[in-house]
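Please walk me through this protein in the viewer. Tell me what to select at each stop and what is there.

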Amino acid sequence: MSSDPLTPDVSARICRHMNGDHAEAVMNYARYYGGIKDPQTAKMILITSEKMELEVDGDALEIKFDHTLTDSEDAHHTLVAMLKAMPK
């Protein structure tokens with residue numbers, strides 16, 4: 001996996017990938033990290049070195065990361081680790 005700086009283009013690529021291939025993961029971020037009890041829709045709209053921004057049921061939701069992301073590879077590992085940290 002290549003690592004790219006978290007530019008707006010890279011953010012857009014990550015969001016397209018997450019929304020297209022991992023929509024349930026995005027819903028789980030909204031539930032677990034965003035505290036949304038029963039989201040109907042969730043879409044990742046932005047990822048920066050500090051946070052991810054979701055649109056959940058038409059409302060903006062910001063979820064801060066536990067560290068400053070360095071690049072796209074760090075974003076990938078962090079998003080996976082956040083999923084793994086969720087209770088089953």
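The tour goes from the whole chain to the core, then out to the loops.

**Stop 1: the whole chain**

Keep in mind that this is a predicted model. Show the cartoon and colour by secondary structure. From the N terminus on, the order is α-α-β-β-β-α. The radius of gyration is 12 Å, close to the 12 Å that the globule rule gives for 88 residues, so the protein is as compact as a globular protein of that length. Along the principal axes, the C-alpha atoms fill a box of roughly 35 × 25 × 20 Å.

Residues 24 or more positions apart account for 44% of them.

**Stop 2: the surface**

Switch to a surface view. The protein exposes about 5400 Å². Carbon and sulfur atoms supply 52% of that area. Next, colour the charged side chains. There are 9 positive and 15 negative ones. The centres of the two sets lie 4 Å apart.

**Stop 3: the nonpolar core**

Hide the surface and look inside. Of the 88 residues, 34% count as buried. The largest nonpolar core has 23 residues. Select Ile14, Met18, Tyr29, Met44, Met52, Leu54 and Leu79, which touch the most other members. Which elements supply at least two residues each to this core? They are α1 (8-21), α2 (23-32), β1 (42-47), β2 (51-56), β3 (59-64) and α3. The one that gives the most is α2, with 5 residues.

**Stop 4: helix α2**

Select residues 23-32, which form α2. Show side chains for Ala25, Val26, Met27, Tyr29 and Ala30, which are buried in this helix. What covers them? The cover includes α1, β1, β2, β3 and α3.

**Stop 5: Met18**

Move to Met18, one of the core residues that touch the most other members. Set aside its neighbours within four places in sequence. Met18 is then in contact with Ala23, Ala25, Val26, Tyr29, Met44 and Leu79.

**Stop 6: Leu79**

Follow the Met18 contact to Leu79. Leu79 sits in helix α3, residues 72-85. Buried or exposed? Leu79 has 5% relative accessibility, so it counts as buried; the cut-off is under 20%. Again leave out neighbours within four places in sequence. Leu79 is in contact with Ile14, Met18, Tyr29, Met44, Ile47, Met52 and Phe65. Leu79 and Ile36 are 43 residues apart in sequence, and their C-alpha atoms are 18 Å apart.

**Stop 7: Asp66**

Go out to the loop between β3 and α3, where Asp66 is found. Asp66 has 72% relative accessibility, so it counts as exposed; the cut-off is over 50%. Draw a line from Asp66 to Met82, C-alpha to C-alpha. The two are 16 residues apart along the chain and separated by 9.7 Å.

**Stop 8: Asp57**

Finish in the loop between β2 and β3, at Asp57. Check its backbone. Asp57 has a positive phi of about 50 degrees, although it is not a glycine. How accessible is Asp57? Its relative accessible area is 37%, so Asp57 is partly exposed.

Definitions and conventions: Residues are numbered from 1 along each chain as its sequence is written. This is a predicted model: local features need pLDDT of at least 70, side-chain atom pairs count only at pLDDT 80 or more; totals for chains, interfaces and linings use all residues. Side-chain values use heavy atoms; hydrogens and water are left out. Helices (H or I, at least four residues) and strands (E, at least two) are DSSP runs, numbered from the N terminus. Buried means under 20% relative accessible area, exposed over 50%, partly exposed in between (1.4 Å probe, protein chains only). Contact means heavy atoms within 4.5 Å. The radius of gyration is taken over C-alpha atoms; the globule rule is 2.2 Å times the number of residues to the power 0.38. Accessible areas come from the Shrake-Rupley method with a 1.4 Å probe; for residues, only the protein chains shown count as cover. Lys and Arg count as positive and Asp and Glu as negative; His and the chain ends are not counted. The place of a charge is taken as NZ of Lys, CZ of Arg, CG of Asp or CD of Glu. A nonpolar core is a set of buried Ala, Val, Leu, Ile, Met, Phe, Trp, Tyr and Cys residues joined through side-chain atoms within 4.5 Å.
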